[in-house]
Amino acid sequence: MASKPHPPLMKKHSQTDLISRLKSRKVLGVGGEDDDGEVHRSKISQMLGNEMKFAVREPIGLRVWILVSAVGFTVMALMALVFPNQLYEVVFEEELSTTSISIRLYGGALLSLSLILWNGLYTAEKIIIQWTLLSEGCYFAVQFLVTSITLMEIGILPNAAMLLLLSRVLFLVVTMAYYYQLGRKLKKI
C-alpha cells in the first residue's frame, strides 16, 4: 500500500489578522481590564499578578528611622550586656543592690530586637517591615509601662528616668505613625 502524500500545510495568517488576534485574546481572558483595573499582557502575568502590586510605597524617612532604631537598640544592648550596673545607675540614679543578671537579660532581649530591626532595614517586603515596626512599638510601650510602675514603687522620679519615659512615648508615636502609614491602602487614580 502506497501512502498518499499529504497536501502541503497551509500557514494560517491569524497573527496578522487583528480581529482574529483580538478574538483569541478575549477567549484566553487577557488584554482586558480585571476587577482591579489592571490590563494583563499575558495569561502568565494574569495568574502571577503584577509585581508592581507588591512594591512598597514607603513613607518618607522610614529607612532612616529603622536604621536609627537598629543602631540605638544595638548600642543599648551592648551597654546592658557589658556595663549593667552603670546603665542602671544612669537611669534610676541609685546603685544596683541586687545581681546584674536581670539587666544583662534585658540586654540580650534588646540585642534580639536589634537583629529584627537590622533585618527590617534590608528587606523590601511590606509585611516584614510592618512586623518590625510593630515589634519596636510593643517594646516601647512595655518599657514605658515597666519603667513607670518601677518608679512608682521606688517613690522617686529622677530626671534621667523622666527623660527616658518621654523619649519612649515619642519613639512609640513615631513608630506607630510609620506603621500606620505603611499599612494604609493607596487609592487608585
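**Close-up 1. The buried residues of helix H3.** In H3, the buried residues (under 20% relative accessible area, against over 50% for exposed and in between for partly exposed, with a 1.4 Å probe and protein chains only) are Leu62, Trp65, Ile66, Ser69, Ala70, Phe73, Thr74, Ala77 and Ala80. They sit on the same side of H3, because they cover an arc of only 160° around the axis, the arc being that of the directions from the helix axis to the C-beta atoms. Here's the general idea: an α-helix has 3.6 residues a turn, so residues three or four places apart point the same way. The partners that these buried H3 residues pack against are H4, H5, H6 and H7, where contact means heavy atoms within 4.5 Å. Helices here are DSSP runs (H or I, at least four residues), numbered from the N terminus.

This is a predicted model, so local features need pLDDT of at least 70 and side-chain atom pairs count only at pLDDT 80 or more, while totals for chains, interfaces and linings use all residues. Residues are numbered from 1 along each chain as its sequence is written, and side-chain values use heavy atoms, with hydrogens and water left out.

**Close-up 2. Helix H3 from end to end.** H3 runs over residues 62-82, and its 21 residues should span 30 Å at 1.5 Å a residue. That expected span is 1.5 Å times one less than the number of residues. The end C-alpha atoms of H3 are 30 Å apart, which agrees.

Close-up 3. Just after H6 comes Gly155, with a positive phi of about 85°.

**Close-up 4. Gln130 in H6.** Gln130 is found in helix H6. Gln130 counts as buried because its relative accessibility is 13%. Leaving out residues up to four places away in sequence, Gln130 touches Tyr179, Leu182 and Gly183.

**Close-up 5. The second largest pocket.** This pocket holds about 650 Å³ of space. Closest to its centre, out of 25 lining residues, are Val91, Phe92, Tyr106, Gln143 and Leu164. A pocket is an open set of points on a 1 Å grid over the protein atoms alone, where a 1.4 Å probe fits, with protein on both sides within 12 Å along at least five of seven lines; lining residues have an atom within 4 Å of a point. H6 gives the most to the lining, with six residues.

Note on methods
Points joined across faces, edges and corners; volume = space filled by probe spheres on them. Helix = DSSP H or I, 4+ residues; strand = E, 2+ residues; numbered from the N terminus.
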